[in-house]
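Please look through the sequence and the model, then read on.

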Amino acid sequence: MSGLPGIAQLRDIVGAVMTGGLFLSVLSLVISAIVWGFGANSSNPRLASRGKTEVLVSCGAAILCGAAVTPINFFRTVGQAVNS
């Protein structure tokens, strides 16, 4: 893969996008937890439920961003084995 022009820049861009996605997921998790806590303490079940749902969505997004490397590496290895 080092023979392709611009591959180093593409790796930098993908790494930055993944880092940004993880950062935004964690930020969303913190904000959602605050909303959940505020809704639970103010006896507002709709707000608490929405915060709880957003906490789960944020965790799922963080897991997807963090785990995206695994299938990419797998298919890269398979592609290199087929190419050889």
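## Basis of the description

Helices (H or I, at least four residues) and strands (E, at least two) are DSSP runs, numbered from the N terminus. This is a predicted model, in which local features need pLDDT of at least 70 and side-chain atom pairs count only at pLDDT 80 or more, while totals for chains, interfaces and linings use all residues. Residues are numbered from 1 along each chain as its sequence is written, and side-chain values use heavy atoms, with hydrogens and water left out.

## The largest pocket

The largest pocket has a volume of about 240 Å³. Eleven residues line the largest pocket, and the closest to its centre are Arg 11, Val 14, Ile 72, Asn 73 and Arg 76. Two or more lining residues come from each of α1 and α3 (69-83). The largest contribution to this lining is from α1, with six residues.

A pocket is an open set of points on a 1 Å grid over the protein atoms alone, where a 1.4 Å probe fits, with protein on both sides within 12 Å along at least five of seven lines; lining residues have an atom within 4 Å of a point. Grid points are joined across faces, edges and corners, and the volume is the space filled by probe spheres set on the points.

## Residues of helix α1

Helix α1 covers residues 7-41 and includes Ile 31. Buried means under 20% relative accessible area, exposed over 50%, and partly exposed in between (1.4 Å probe, protein chains only). Ile 31 has 46% relative accessibility and so counts as partly exposed. Phe 23 is exposed at 55%, Val 17 is exposed at 57%, and Ile 34 is exposed at 57%.

Phe 23, Leu 24, Leu 27 and Ile 31 make a nonpolar surface patch of about 410 Å². Patches are made of residues with over 30% relative accessible area and no salt bridge; like charges are joined within 9 Å, and nonpolar side chains (Val, Leu, Ile, Met, Phe, Trp, Tyr) within 5 Å. A salt bridge is a side-chain nitrogen of Lys or Arg within 4 Å of a carboxyl oxygen of Asp or Glu. Accessible areas come from the Shrake-Rupley method with a 1.4 Å probe, and for residues only the protein chains shown count as cover.

## Distances along the chain and in space

From C-alpha to C-alpha, Phe 23 and Cys 65 are 9.9 Å apart in space and 42 residues apart in sequence. Val 17 and Val 78 are 61 residues apart along the chain, and their C-alpha atoms are separated by 24 Å. For Ile 34 and Ile 72, 38 residues apart in sequence, the C-alpha to C-alpha distance is 34 Å.

## The loop residue Ser 43

Ser 43 is in the loop between α1 and α2 (45-67). Ser 43 is not a glycine, yet its phi is positive, at about 55°. Most residues other than glycine have a negative phi. With 65% relative accessibility, Ser 43 counts as exposed.
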